[in-house]
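Hi,

Here is the structure I said I would pass on. Have a look at it first, and then read on for what turned up.

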Amino acid sequence: MTVNLFTFVGMYSKALDTAAHILGKGVEHARATGASDADVLGWRLIEDMAPLAFQLMVVVNFTRLWPARAAGLPLPAEVSAELSVPEFQTAIAEAKAWLAALNPEQFAGRDEVPLTVTLGTGMEPTLPAGQWITGFATTNIFFHLSTAYGILRSRGVQIGKRDLFAGGI
């Protein structure tokens, strides 16, 4: 499958804008209702699901790790789910800056490059870079971003569909 892998860099940057935007809305709501920033990061959609901090961690990590893999670059250090709100805001800004430094030439001709990646415990599929980006990475970024949105909505944060497009269409 041939795709322009570099186009995902802009898409991922917009996802980070959205993450920053909805996090800000969540913190604003929490402060207005007497909850702490730490409370916000611990909010869950349902008790057996990972909290907001985990959702943000995945968005930040995937938006950098997968373009790095696709371009054949060294993998950036992963951020932890144990960050504070200001640390998440910094991590999001740093991820956007990292993406902004990428260029189309780094992705040229890499659509079919096979990548073997360890997932969870024991799974090591080998797929072309284009398939990883389009079928796995992007799906996961938007799943976790949508879950973060759902967590915040379930807590009464006044956000709507347009807030998912905070980074632009």
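Before the details, one cut-off: a residue is called buried when its relative accessible area is under 20%. Leu 102 has a relative accessible area of 8%, so Leu 102 is buried. Please keep in mind that this is a predicted model.

Let me stay with Leu 102 for a moment. You will find Leu 102 in the loop between H4 and strand S1 (114-116). What does Leu 102 touch, not counting residues up to four places away in sequence? The list is Phe 6, Val 9, Pro 67, Leu 73 and Phe 107. Val 117 is another matter: 15 residues separate Leu 102 and Val 117 in sequence, and their C-alpha atoms are 22 Å apart in space.

Now the core. The largest nonpolar core has 51 residues, and the members that touch the most others are Leu 23, Trp 43, Leu 52, Phe 88, Ile 133 and Leu 152. Which elements give two or more residues to this core? They are helix H1 (7-33), helix H2 (37-42), helix H3 (52-71), helix H4 (85-100) and helix H5 (129-154). H3 provides the largest share of the core, eleven residues. As background, nonpolar side chains tend to be buried together in soluble globular proteins.

Apart from neighbours within four places in sequence, Leu 152 is in contact with Ile 22, Leu 23, Gly 26, Val 40, Trp 43, Leu 52, Val 157 and Ile 159.

Next, how the helices pack.

H1 and H5 have axes 10 Å apart and pack at an angle of about 15°. Angles under 35 degrees count as roughly parallel, so H1 and H5 are roughly parallel to each other. Their crossing is left-handed. On the H1 side, the residues that meet H5 are Phe 8, Met 11, Tyr 12, Ala 15, Thr 18, Ala 19, Ile 22, Leu 23 and Gly 26. On the H5 side, they are Ile 133, Thr 134, Ala 137, Thr 138, Ile 141, Phe 142, Leu 145, Ala 148, Tyr 149 and Leu 152. Sorted by class, this contact of H1 with H5 comes to 15 nonpolar, four polar and no charged residues.

Two residues from that contact are worth a look. Thr 18, in helix H1, counts as buried because its relative accessibility is 2%. Beyond neighbours within four places in sequence, Thr 18 is in contact with Leu 145, Asp 163, Leu 164, Phe 165, Ala 166 and Gly 167. Ala 148 sits in helix H5, and its relative accessible area of 1% is why Ala 148 is buried. With neighbours within four places in sequence left aside, Ala 148 is in contact with Ile 22, Leu 52 and Gln 55. Ala 148 and Glu 47 are 101 residues apart along the chain, with 14 Å between their C-alpha atoms.

Do H3 and H5 run roughly parallel or roughly antiparallel? Their axes come within 9 Å and cross at roughly 160°, and H3 and H5 are therefore roughly antiparallel to each other. H3 passes H5 in a left-handed crossing. The residues of this contact divide into 18 nonpolar, five polar and no charged. While you are in helix H3, find Val 58. Val 58 counts as buried, because its relative accessibility is 7%. Between Val 58 and Phe 142 there are 84 residues in sequence and 10.0 Å in space, C-alpha to C-alpha.

Finally, H3 and H4. Here the axes come within 10 Å and cross at roughly 15°, which makes H3 roughly parallel to H4. The crossing of H3 past H4 is left-handed. From H3, the contact is made by Ala 53, Leu 56, Met 57, Val 60, Thr 63, Arg 64, Pro 67 and Ala 68. H4 brings Phe 88, Ala 91, Ile 92, Ala 95, Trp 98 and Leu 99. Twelve residues of the contact of H3 with H4 are nonpolar, one is polar and one is charged.

Cheers

Notes
Residues numbered from 1 in each chain as written. Predicted model: local features only at pLDDT ≥ 70, side-chain atom pairs only at ≥ 80, totals over all residues. Heavy atoms only, no water. Core = buried A, V, L, I, M, F, W, Y, C linked by side-chain atoms within 4.5 Å. Buried < 20%, exposed > 50% of the residue type's maximum accessible area, 1.4 Å probe, protein only. Helix = DSSP H or I, 4+ residues; strand = E, 2+ residues; numbered from the N terminus. Contact = heavy atoms within 4.5 Å. Axes fitted to C-alpha atoms, helices over the stretch in contact; angles between N-to-C directions. Parallel < 35°, antiparallel > 145°, perpendicular 65-115°, else oblique. Left-handed = near helix turned anticlockwise from the far one by under 90°. Nonpolar A, V, L, I, M, F, W, Y, C, P; charged D, E, K, R; others polar.
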